[in-house]
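Visitor: I am new to this structure and would like to be guided through it. Could we look at it together, one question at a time?

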Amino acid sequence: MTQVIVLNGGSSSGKSGIIRCLQAVLPDPWLALGTDTLVDAMPVQTSVGGIEFAADGEVIIGPEFRTLEAAWIEGIAAMARAGARIIVDEVFLGGAYSQQRWQKAFGELRVLWVGVRCDGAVAAGREVARGDRTIGMAASQADVVHQGVAYDLEVDTTHTESMECARTIAAQVK
């Protein structure tokens, strides 16, 4: 049985909407945990060595962030091992390296890896409409987060609604 669903996509690609729909269509309760939750919980958001968001949308990750992120990843894996079904909302800024860190923590857990793609221009438009993102982040992340990442399934939110994407993903959950 699938224990973890990892959705990887750039900022404003539609992951959050898909997750809300997944929680509605999956027959069992699933926890949604994401990189935004981690960032919001961190005391080092703007400190040297933490995480910084440059004016052009670049995300700068420091060693303090990496240390706390590693604990976060291990904690999510431990919750899945303890029986929680978890949907992870991620942005693999390091591409394949980011995925490898999660794979190592998950070990033998059954994971469904999902790429959430969205045209950079469309994601940039969503970013502006949201009003809570640094302009430029969506366009800069649209492709780089997928480089070298292996997926079981990919969805594209450029022209597909969240519920349709969620149903496609849910059909792969075993």
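Visitor: Leaving aside its neighbours within four places in sequence, which residues is His146 in contact with?

Guide: This is a predicted model, in which local features need pLDDT of at least 70 and side-chain atom pairs count only at pLDDT 80 or more, while totals for chains, interfaces and linings use all residues. Residues are numbered from 1 along each chain as its sequence is written, and side-chain values use heavy atoms, with hydrogens and water left out. Contact means heavy atoms within 4.5 Å, and once neighbours within four places in sequence are set aside, the partners of His146 are Asn8, Gly9, Gly115, Val116, Arg117 and Tyr151.

Visitor: Is His146 buried or exposed?

Guide: His146 is found in the loop between α6 (137-141) and β7 (153-156), where helices (H or I, at least four residues) and strands (E, at least two) are DSSP runs, numbered from the N terminus. Buried means under 20% relative accessible area, exposed over 50% and partly exposed in between, with a 1.4 Å probe and protein chains only. Because its relative accessibility is 5%, His146 counts as buried.

Visitor: Which residues of β1 are buried on one side, and which on the other?

Guide: In a regular strand the side chains alternate between the two faces of the sheet. Strand β1 (residues 4-8) has five of its five residues buried. Both of its faces are covered, with Val4, Val6 and Asn8 on one side, and on the other Ile5 and Leu7.

Visitor: In β5, which residue is the bridge partner of Val4?

Guide: Two strands pair if DSSP finds at least two bridges between them. Strand β1 is joined by five bridges to β5 (residues 86-90), running parallel, and five bridges also join β1 to the parallel strand β6 (residues 111-117). In β6, Val4 stands opposite Val111, and in β5 its bridge partner is Ile86.

Visitor: Which residue in β5 is the bridge partner of Gly34?

Guide: Strand β5 is itself mostly covered, since five of its five residues are buried. Strand β2 (residues 31-34) pairs with β5 in the parallel sense over four bridges. Within that pairing, the partner of Gly34 is Asp89.

Visitor: What percentage of the residues of the chain count as buried?

Guide: The chain holds seven helices and seven strands, and its C-alpha trace spans about 40 × 35 × 25 Å along its principal axes. Of its 174 residues, the share that counts as buried is 45%.
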